[in-house]
Amino acid sequence: MFIDGISVGIGVLFLSLLYLNPAYHKPSKLVAGVIVIMSWLVSGTLMLDQGGLFARLYIASIPVVFFLLLPMIYWYQQRLTAYGTQPQPEKRALHWIPVGLAGLLSLSIGLMPGEDFNNMFFNDPEQLSVWVGINSAGFAFLLVGWTILSVLYLGRIVINTRAYHQRLNTEFADHEGKRLDWLVGFTALLVVTWLYALIVLGASSATSMPFISETALSLMVLLLIWLFCLQTLNRRPAFSHIEPDPEPEPELGSEEGSEQKYANSSIDGERLKRIADKVERKVRGEKSYLDPDIDASTLASELGISGHYLSQVLSREMQTTFYSYINDARIEAAKEALKASEQTVLEVALSVGYNTRSSFYNAFKKRTGMTPSKYKASATSAEPFH
């Protein structure tokens with residue numbers, strides 16, 4: 001019960017921080033809903049110990065809250081990965097059908113006569129009433145359905161996350177605070193915790209089994225609540241500043257106008273090469289990569305073309321992505337700075353456009369096969385031989 005109390009306390013604390021946060025936005029409402037549901041589920045020990053109406057209310061709510069949890073996590077992911085400030089409304093009707101069926105079961109449990117309710121959940125009578133039999137069958141049916149839906153939601157979240165990470169490469173030079181690997185891990189752990197809870201429930205009246213205990217289950221739920229709260233408190237949709245590409249009328253005789261006209265169409269080879277040269281001059285010649293906040297939409301706007309157009313130029317003519325292109329330029333500049341200056345690694349990282357030491361280390365090691373410190377040491381030791 002002590003661990004469950006900590007979990008509820010964490011949920012209440014983060015809900016307070018969430019609503020006091022000036023950056024409160026639409027995904028935050030889904031975050032609040034998930035935290036409330038998980039806190040409610042983990043409060044079961046307290047509610048059951050109270051007995052009476054509290055126990056009935058808690059048990060009757062279980063089907064609905066469980067069937068609401070994964071759709072809300074899925075909708076949260078949709079909000080985080082949507083483009084623009086007004087994302088297209090999601091088609092939620094199919095998601096609500098299982099929730100509605102679970103609601104009917106919850107209502108049936110809540111309206112059961114007291115004796116039938118106690119026989120179903122707390123006693124072990126020799127004969128069961130029709131009402132108990134129907135509700136027990138409903139529980140079994142929804143249990144199978146929830147397990148299937150859990151796998152489907154987890155698979156959908158994994159697929160959407162992979163596609164989202166690919167889109168990050170086309171728009172941002174820094175993925176810090178934007179990747180959603182944690183959400184995949186959280187959803188997988190949630191499903192595992194649910195399955196583990198079933199094992200604990202089934203083994204509660206049987207012979208004790210190693211590694212199967214209510215304490216371990218409480219710790220898993222505590223980890224879930226902490227992970228979700230920690231990751232979602234200040235997270236914003238990555239593409240919220242990017243609206244769909246406009247289709248402006250080009251100015252007659254204007255090169256930019258001509259390029260904008262073809263922003264959403266196939267680009268011929270000559271135009272690809274011309275715009276690639278402009279990108280090279282802007283990024284490497286004018287050193288736009290030094291701007292730590294540079295992104296593809298900003299660069300495209302400065303070049304007078306659409307983001308879609310820039311993406312085509314980078315992928316088809318330059319065989320790269322925005323993420324790789326900017327980081328390659330930054331690492332080349334960093335290599336020169338590490339060889340030629342007495343700056344620290346952090347100072348070099350900040351001077352070439354990185355916001356954090358970790359981002360610089362990861363990008364540098366990925367491209368050179370060694371850490372910046374090791375590269376600096378090897379370059380310094382090799383200088384006398386030149």
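Mentor: A cavity here is a set of grid points where a 1.4 Å probe fits but cannot get out. Keep in mind that this is a predicted model. A search of the whole structure turns up two cavities of 30 Å³ or more.

Trainee: What is the volume of the largest cavity, and which residues line it?
Mentor: Its volume is about 60 Å³. The lining is made of Phe66, Phe67, Leu70, Pro71, His95, Pro98, Val99, Trp146, Leu149 and Tyr153. Helix H4 (52–81), helix H5 (93–110) and helix H7 (130–171) are the elements that give two or more residues to that lining. H4 gives the most, with four residues.

Trainee: What classes of residue make up the lining of the largest cavity?
Mentor: There are nine nonpolar residues, one polar and no charged ones. Phe, Leu, Pro, Val, Trp and Tyr are among the types that count as nonpolar.

Trainee: And what about the second largest cavity, what lines that one?
Mentor: That cavity has a volume of about 40 Å³. Around it sit Leu80, Tyr164, Gly177, Lys178, Leu180, Arg235, Arg236, Pro237 and Ala238. By class, this lining has five nonpolar, one polar and three charged residues. Gly is put with the polar types, while Lys and Arg count as charged.

Trainee: Let's move to accessibility. Why is Ser39 called buried?
Mentor: Buried means under 20% relative accessible area, and Ser39 has 10%, so Ser39 is buried. Ser39 is in helix H2 (residues 26–42). Leaving out residues up to four places away in sequence, Ser39 touches Val8, Gly11 and Ile225.

Trainee: What makes the pairing of Ser39 with Ile35 a polar contact?
Mentor: A polar atom of the Ser39 side chain lies 2.8 Å from the backbone oxygen of Ile35. The limit for a polar contact is 3.5 Å between N or O atoms, with one able to donate a hydrogen and the other to accept it.

Trainee: Why is Val12 called partly exposed?
Mentor: The label covers values between 20% and 50%, and Val12 has a relative accessible area of 48%, so Val12 counts as partly exposed. Val12 belongs to helix H1 (residues 2–20).

Trainee: Is Ile10 buried or exposed, and how do you know?
Mentor: Ile10 is buried, because its relative accessible area of 13% is under 20%. Ile10 is also in helix H1. Ile10 and Leu222 are 212 residues apart in sequence, yet their C-alpha atoms are 8.5 Å apart.

Trainee: What share of the protein is buried overall?
Mentor: Buried residues are 44% of the 386 residues. The protein has 17 helices and zero strands. Of the contacts with a separation of 6 or more, 71% join residues 24 or more positions apart.

Trainee: What makes a group of residues a nonpolar core?
Mentor: The members are buried residues of nonpolar types such as Leu, Ile, Met and Phe, joined through side-chain atoms within 4.5 Å. The largest nonpolar core here has 62 residues, and Met38, Leu41, Leu69, Ile73, Phe186 and Phe228 touch the most other members. H4 gives the most to this core, with 16 residues. As for Met38, its contacts beyond four places in sequence are Leu69, Phe186, Leu224, Ile225 and Phe228. A second, separate core has 37 residues, including Leu272, Leu303, Ile305 and Met318.

Trainee: Why is Gln319 called exposed, and what is Lys287 called?
Mentor: Exposed means over 50%, and Gln319 has a relative accessible area of 60%, so Gln319 is exposed. Lys287 has 44%, which lies between 20% and 50%, so Lys287 is partly exposed.

Methods. Residues numbered from 1 in each chain as written. Predicted model: local features only at pLDDT ≥ 70, side-chain atom pairs only at ≥ 80, totals over all residues. Heavy atoms only, no water. Buried < 20%, exposed > 50% of the residue type's maximum accessible area, 1.4 Å probe, protein only. Contact = heavy atoms within 4.5 Å. 1 Å grid on protein atoms, 1.4 Å probe; cavity = no way out; pocket = protein on both sides within 12 Å on 5 of 7 lines; lining within 4 Å. Points joined across faces, edges and corners; volume = space filled by probe spheres on them.
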